[in-house]
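Hi,

Here is the structure I promised to pass on. Have a look at it first, and then read on for what turned up.

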Amino acid sequence: MRTADFSKADQVIRQAISDEAFTAANLLVGKGDRVLFRRAYGQLSIEDDAPMTTEHTRYDLASLTKPLVIGMLALRAMEAGKLCLWDQLGTFVDAPEDKQNITIGQILTHTAGFSSGLHLWETGKDPEDTAELLLRAPLRYRPGMGQQYCCAGYILLGQLLECLYDLPLNELAEQEVFWPLRMQKTGYLPKPGNIAATEMQDDGQCLSGQVHDENARFLGGVSGNAGVFSTMDDLALFMQMLARKGQLPDGSRYLSTAAVRLSMQNHTPDMPQGRGLGFYLPRLDNGFTGDLFPAQTIGHTGFTGTSLTLEPESGLYIVFLTNRICPSRDSTGIYRVRRLLHNAVYAAAGE
């Protein structure tokens, strides 16, 4: 077995920091149970005297919360007999007529019809009224007849799961996701210390330890669309479980093989984007996984500059965490950097 040389991938990240695409980055590459490469780069924030990033730095995962929390909770609830993909919103809540027939599967695949222009922090007065506000908003298209990536459905599904389990989402995620996967440094509402900063605020300070996503912040930092902070090592445990088709390193099962396979299938073959259950098949449109990863590759990205990638057949995965919005969301260098990095990693470790 050849030893993979990740020097080119290492060079891509070092150049990106030099080009100010982000101030901090953590990269971990693995295959099955084995970690092939892990390294920390840069500083936690833009200040010259900001602490250096370490291998245990936590990042605001942004929309990686969707597959990690809502995706896994939905699969676990399916296996527990609490819901199925064909269940409709009207089964659980008093939904208006245009939303009664929206299914769990449509929410997970972004085909429910919700609009992407969700500004709860501007239109909502009380977080307690969020579900009513989401259900009252007009749909962009009839459920199942179009596709639009958005946060509304995941926020709503998170609240629905809270009701199913009678637990707040942060406690439910701890009980059903983080603790079973031994992700000890992952969670909502993190304690301060060794956290990569995100966007600069009006007071001239960059956010650190407080969720960047405005909708999640309006909801107190705990939401189905964003809010989780984690490290590359914890996320590697999550990716290893997926690579092993639901099995944990000790031989026990977190999910059935059938559930994992179902989550990775393209449920939207006739839509612009390939969507699994919480996961994304990026080769079909924006190609954040570059040119070399095969078409069945799954993953997800986060607005803050985070991403997860898995090639299911070989079990090759990448955890790439950055704070690309520090100090500003106007920084777009991450999009090219991701593609270059994925090409370099696959050339070094792929089949």
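Let me begin with one term: a salt bridge here is a side-chain nitrogen of Lys or Arg within 4 Å of a carboxyl oxygen of Asp or Glu. Please also keep in mind that this is a predicted model.

With that term in hand, take glutamate 199 and arginine 329. They form a salt bridge, with the closest N and O atoms 2.9 Å apart. The two residues come from distant parts of the chain, 130 residues apart: glutamate 199 is in the loop between helix H8 (169-178) and helix H9 (214-218), while arginine 329 is in the loop between S9 and helix H12 (334-349). Is each partner buried or partly exposed? Glutamate 199 has a relative accessible area of 11%, which is under the 20% cut-off, so it counts as buried. Arginine 329, at 31%, is partly exposed.

Aspartate 33 and arginine 244 meet through their side chains at 2.6 Å, N to O. Aspartate 33 sits in the loop between S1 and strand S2 (34-42) and arginine 244 in the loop between H10 and helix H11 (257-264), so this pair ties together parts that are 211 residues apart in sequence. Aspartate 33 is partly exposed, at 43% relative accessibility.

Then there is glutamate 55 with arginine 38, whose closest N and O atoms are 2.7 Å apart in another salt bridge. Here glutamate 55 lies in the loop between S2 and strand S3 (59-60), and arginine 38 is in strand S2 itself, so the parts tied together are 17 residues apart in sequence. Both ends are partly exposed: glutamate 55 has a relative accessible area of 30%, and arginine 38 comes in at 27%. Finally, Asp10, Arg14 and Arg39 are linked in a network of salt bridges.

Now for the strands. S1 covers residues 24-31, and 8 of its 8 residues are buried, so S1 is largely enclosed by the rest of the structure. In a regular strand the side chains alternate between the two faces of the sheet. In S1, Ala24, Asn26, Leu28 and Gly30 point one way and Ala25, Leu27, Val29 and Lys31 the other, and all are buried.

What does S1 pair with? One partner is S2, antiparallel to S1 and joined to it over 8 bridges. S1 and S2 make a hairpin with 2 residues between them, and glycine 32 in the turn has a positive phi of about 60°. Across that pairing, lysine 31 has arginine 34 of S2 as its bridge partner.

S9 also pairs with S1: 7 bridges join the two, and they run antiparallel. Lysine 31 turns up again here, standing opposite leucine 316 in S9, and leucine 28 has valine 319 of S9 as its bridge partner.

S9 (residues 316-322) is enclosed too: 7 of its 7 residues are buried, so the rest of the structure largely surrounds this strand. Leu316, Ile318, Phe320 and Thr322 lie on one side, with Tyr317, Val319 and Leu321 on the other, and both faces are covered. S9 is also joined by 6 bridges to strand S8 (residues 306-311), again antiparallel. Threonine 306 has leucine 321 in S9 as its bridge partner. The hairpin of S8 and S9 has 4 residues between the strands, and glycine 315 takes a positive phi near 80° there.

On to the helices. H10 (residues 232-243) has 12 residues and reaches 16 Å from its first C-alpha to its last, close to the 16 Å expected at 1.5 Å a residue. H10 is mostly covered, with 10 of its 12 residues buried; among them are Leu235, Phe238, Met239 and Leu242. After H10 comes lysine 245, which has a positive phi, near 60°.

How do H2 and H8 pack? The axes of helix H2 (residues 65-79) and H8 are 10 Å apart, at an angle of about 65°. That makes H2 roughly perpendicular to H8. Their crossing is left-handed.

Happy browsing!

How values were computed:
Residues numbered from 1 in each chain as written. Predicted model: local features only at pLDDT ≥ 70, side-chain atom pairs only at ≥ 80, totals over all residues. Heavy atoms only, no water. Expected span 1.5 Å × (residues − 1). Buried < 20%, exposed > 50% of the residue type's maximum accessible area, 1.4 Å probe, protein only. Pairing = 2+ DSSP bridges. Axes fitted to C-alpha atoms, helices over the stretch in contact; angles between N-to-C directions. Parallel < 35°, antiparallel > 145°, perpendicular 65-115°, else oblique. Left-handed = near helix turned anticlockwise from the far one by under 90°.
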